[in-house]
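Open the model in your viewer and keep the sequence panel beside it. This tour tells you what to select at each stop and what is there.

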Amino acid sequence: MTSSILSAISTLTKPLGEASVRDAQSSQQEALLAVLQTNRALLLQQLQSDSSFEQVRRLREEVVAEAEWFSSDTEDATWGFVQECLLLLLTLAQHLSNELEVFQQTCAPSAAKRHTPEMAPPLPPDVLSVTQQKMLGAALQFVVSLGLCPYLAPGVGVPLGRRSAFGAMVEKLVRGGAVSAVRRRLLITTNVLLKLAELSSLATLVFVQHLGDVMAALCQLGYQPHQTEEDKKMELSAEECRTCKEALRSLLGKVYQPIVIKELLILQGAPRQSASGSSSRAAPGSAPGSAPAWLRRLCGQLLSERLMQPNGVQAVVRAILEGGTGCESDWRKCDGVARILVACPKQSASADSYYRQVCPQILDLLHFKDKLTAQQFQRVATRTALSMVQEKPGFAHQYLLTPLLAPLRRCSTASNEGHSQAAVEEWELTRCVEDVYKIWVVGNSPSAALLTALEEVLPVIFTLFCFTKQNVSHLRAPCQGILLWYLSHTETPAALLALRQLSGLQRDEAAGSFHFTPGSDGGASFSSRESLSDESDALYEKLSGEQWRLQCLMQLLAELKDSDLPGDFFLDLLQELTSWAVAADEVKEDEEELDVSTMTLLEVEQQVLGRAERQGQRVVLLQVLAVMVESLQHDVLLRKTTQVVDFIVTLIQRACVGLDQVTDPSLETPVESQTLSMGMGLVATLLSGPQLSTEDNSSMSQLLPPLETLSQKHSDVVIQELASNLRAVIATHGAYWPENLTAATEASRNPPETAVKNNRVSSRKKQKVQTEENDSQTSPHSSPPDSESPSNTHIRHPVSSGGFAAGRTQQGGGRTTGTSVPHPSTESFSDWLLQACDPDVPTRAFALRVLTQMVQDKNPEAVQAQEKVLVLFLENLEHKDSFIYLSAIQGLAALADSYPEKILERLLKDFQHGPSLPTSNKEHSLETRLKLGEVLMRASRAMGELAPHLGCPLVAVFLQETRDPDQSVRASSLSNLGELCQRLDYALGPLAQELSSCLIALIKTEKQAEVRRAAVHVITLLLRGLSTKTTQVLSDVLLDLYRALKWVVRSDPDDVAVLHAQLALEELDDVMRRFIFPEQKLEKKIVVLP
């Protein structure tokens, strides 16, 4: 039956014959009209004469009896053809509905009884094949083209002429004749299509291609106003209009919302463009985009309803952006959608209700997981949020920013209630941080509202950042990006205030009973913490936490390499330090004048607490300054000349404050004078540099008042003179330049030695002692010494790196040099040997470094006296001071590298049996042996390619010492064994069995965890050193080593040993992968045949 009906539809819609085709357009219209009449007549003839269509004819007659609109004697050929199509479509729908009802009543229960897991479900009778769907699609296309689109008002829907050339011809064919009852025919066609859509299998065919046309027809039938008398005559009844409105509402609610929105946008005035549309003209009065006013209002109202319903924002975004590729047009679409969402529609009851419904949906757009969809949705959400903050700041703060930042605000306001539950869950905190990063950092549109909202939760984000720096977390990068974005885009005063708060200079009341804890998915949660009963543990945790926060803050500031903020913060702290110094005098005077006897106990307590609070603030300030100086490079702290000048201004102002406090010149500390001299030398260097800019000269003028104070009040004559000269140069902008400023410039380039000399000169001037020797050793600020003066001054002083430096004044120039190790040729070898026995620790350590350098440089005297040098190093190896014995370790390693055969033998003997010197302290024999182990490890690293030749005796000794009674010696031997074995390569082959047996025995039987760790680490170093040679050198023991490592992973109770074993297994995995799957090399081989 279904096939018969579709066969009849095929007869009615079969294409034009080749003989009927004409070249002229008029003949094509006539030919089309003739074919429509011919096909209709042929169909009626088959229905009457062909017995195979008997059932189709009876069912068609039943449909005709129910169809009041059918007219058999119509003179319009196209409408007669459309009527036949509509009858056949209704016949098919009626038949499929009957069959489906019978199927559901009879076949479904019986099929359910016989159903097995292997059986496919029975096929419903309304399922059509691909060929049948094509036939039905052609009929629907004829119905829409001939019976619906031609009767739409101008501007309603997409005209046929803009779809294809054939559509333009059909449009002219239908409009060519006088058509009466246009609305009635449009209503008939629309009702039939809606009747077909009641069946799901036919609804898909109707709405996939013709949804827009059906919507346009329903809009016209239900909402088009009537303006002329002719329209009123053809006007539909009120009931029919109401039915069309309800049908439109029902249709809009059932269909996928993005498609509905897209079609409504097209109806509102954005017709689709086609390739052939340019060659055909639109219908009169239906220019592109010129939809009637009533239709535009209707579509706007329907679009607003779609937007304000649940998930309406997502539907609008999908309708506009679906199918995007990320090109420039997609960016413009995103901006367009953002503008649509920000603007409150007129149909909304109130702006407050609109934004209350839309803002949560905008935030939901940030949480999609699909990459392409998420990228587009996040772009729309970000642009919408930023636009709303700028245009509607009140609604944006209430309905957008406040819910978005709510988890972070709960972290800062969490109370002591509900300790059993987490204040903020992991997923909630992760989503919040990611949303903030997307809107603030990715959006990158700073505004006062955004910066203010972020400032409120900045301490929480920084605390979370500090927590993520202690472990692995995916929240670290977003937190760092948010903090850097805020510090980079906010105003400098606000940024400085935020840095003071983050560094602890300004305390904020946080939830002390809560803290961040690691989450199961790599994030963090904010939950209650258990209070520590031990006060010392609580104090240690507090202090270590504050120190860690400072270190994290310095890492943030180090990332701001192109910003002046680190330098401004540093200078701000220095100015505060100066103000503290000024305020200290006033507080001291107040305390002296304070009469405690007249105060109440509460007032005394408040006075004491205030003093303690001030002291605490000073300690925090000094701590922040110390960490900044230690952690940040100078080019980050002071990257501009103006910042350097501000730094020197602060330094000199602090010195001026000290002048008022010090009444006795003898109480002045040398460090202050040296620092002041270096600062003024730095000013002299800046003034002697290239041409200064106007800004630099303006900043230099700040130095005039403090320099004048120094030139008048400082007790040091040299500093007075230098301050006076610098003031004159700055005031004249370099027009006046004293001669002694050149020496000051040199002094600033060599600060350590200059400081020592300044100290000595100042002391001599204070004591008024003038000797001939002192006259030959002048200050760098005075006139240079005689170029022929033979006197040399030798100065030794420690440097910040932990080593020692020596400075010397060169003959004839007065210039100074300072290096970590002076050239050893300036003093004799015997002098350095004597100084190496000096009881002064710095002198001895420096001499040992010089002797080490002589050994490395193959000094002839050091070569001849290598035995003395060896004994000297061994004696100093037992010294308690780390500076001494580390220098001795370095010297012994240099000796072993230069003379391995002789030195290594002695070192191995002492490592086995303890120190052999007569003066050795037997009580500290273990410490000395461990130090010798360090020497042997350094010697092993320095062997290089000679390791196979020199390393075999060392391997034997190290293997023997793995049985030493002391666990430290066993661990040291294994560590040295690992360093040596990874350099032996093929020479390790004969020792493989012995080495494997020793390591496996230690792994399985050793009780000390440190020794087991060292044994497993030896295997790791062994595999790492052999690399691709592992399968050749260790072929006999590789399986045993693998089993030992697996045993450690499964059975060893020590977590560190298990970690070492896992690392070793990873190394072994890499080795075997390279062995089994060697790297493919694309190379050509040329073979010369004989």
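How many salt bridges does a search of the whole structure find? The search finds 23. Keep in mind that this is a predicted model.

**Stop 1: salt bridges**

Select Lys195 and Glu198. They form a salt bridge, and the closest N and O atoms are 3.9 Å apart. Why does this pair count as a salt bridge at 3.9 Å? It counts because the cut-off between a side-chain nitrogen of Lys or Arg and a carboxyl oxygen of Asp or Glu is 4 Å. Lys195 is partly exposed, with a relative accessible area of 44%. Glu198 is exposed, at 61%.

Next, select helix H10, residues 238-254. Show the side chains of Arg242 and Glu246. They meet in a salt bridge, 2.4 Å from N to O. Where do the two sit along the helix? They are 4 residues apart in H10, so about one helical turn separates them. Glu246 is partly exposed, at 45% relative accessibility. Arg242 is partly exposed too, at 37%.

Glu239, Arg242 and Glu246 are linked in a network of salt bridges.

Now select Asp572 and Arg500. Their salt bridge has its closest N and O atoms 3.3 Å apart. Which parts of the chain does this pair link? The pair links distant parts: Asp572 is in helix H23 (residues 565-593), and Arg500 is in helix H21 (residues 492-503). Is Arg500 buried or exposed? Arg500 counts as buried, at 14% relative accessibility. Asp572 counts as partly exposed, at 23%. The two get different labels because buried means under 20% relative accessible area.

**Stop 2: aromatic rings**

Colour the aromatic side chains. The structure holds 10 aromatic pairs. Zoom in on one of them, Phe368 and Phe377. A pair of aromatic rings is described by the distance of the centres and the angle of the planes. Here the centres are 4.7 Å apart, with 85 degrees between the planes. The pair is edge-to-face, because planes over 60 degrees apart are counted that way. Check the surface again. Phe377 is buried, with a relative accessible area of 2%. Phe368 is partly exposed, at 23%.

Which residues do ring pairs link into a cluster? Select Tyr354, Tyr355, Phe395 and Tyr399 to see it.

Then move to Tyr885 and Lys931. Look at the face of the ring: Lys931 lies over it, at 4.0 Å from the ring centre.

**Stop 3: nonpolar cores**

Hide the surface and look inside. The largest nonpolar core has 184 residues. Which of them have the most contacts inside this core? They are Trp440, Leu454 and Met628. Helix H4, residues 77-114, gives the most to this core, with 14 residues.

Select Leu454 and show its neighbours. Beyond residues up to four places away in sequence, Leu454 touches Val436, Trp440, Ile461, Ile482, Trp485 and Tyr486. Another core lies apart from the largest one and has 83 residues. Select Ala865, Phe883, Ile884 and Leu936, which are among its members.

**Stop 4: a buried threonine**

Find helix H7, residues 182-197, and pick out Thr189 there. Is Thr189 buried or exposed? Thr189 is buried, with a relative accessible area of 0%. What does Thr189 touch? Leaving out residues up to four places away in sequence, its contacts are Trp79, Leu86, Val143, Gly147 and Leu148.

**Stop 5: two asparagines in loops**

Select Asn311. It sits in the loop between helix H12 (293-308) and helix H13 (312-321). Asn311 has a positive phi of about 60 degrees, although it is not a glycine. Asn311 is exposed, with a relative accessible area of 53%.

Finish with Asn444. Its place is the loop between helix H18 (426-442) and helix H19 (448-469). Asn444 is not a glycine, but its phi is positive, at about 50 degrees. Its relative accessible area is 42%, so Asn444 is partly exposed.

How values were computed:
Residues numbered from 1 in each chain as written. Predicted model: local features only at pLDDT ≥ 70, side-chain atom pairs only at ≥ 80, totals over all residues. Heavy atoms only, no water. Phe/Tyr/Trp six-rings, centres within 6.5 Å; stacked < 30°, edge-to-face > 60°. Buried < 20%, exposed > 50% of the residue type's maximum accessible area, 1.4 Å probe, protein only. Lys NZ or Arg CZ within 6 Å of the ring centre and 35° of its normal. Contact = heavy atoms within 4.5 Å. Core = buried A, V, L, I, M, F, W, Y, C linked by side-chain atoms within 4.5 Å.
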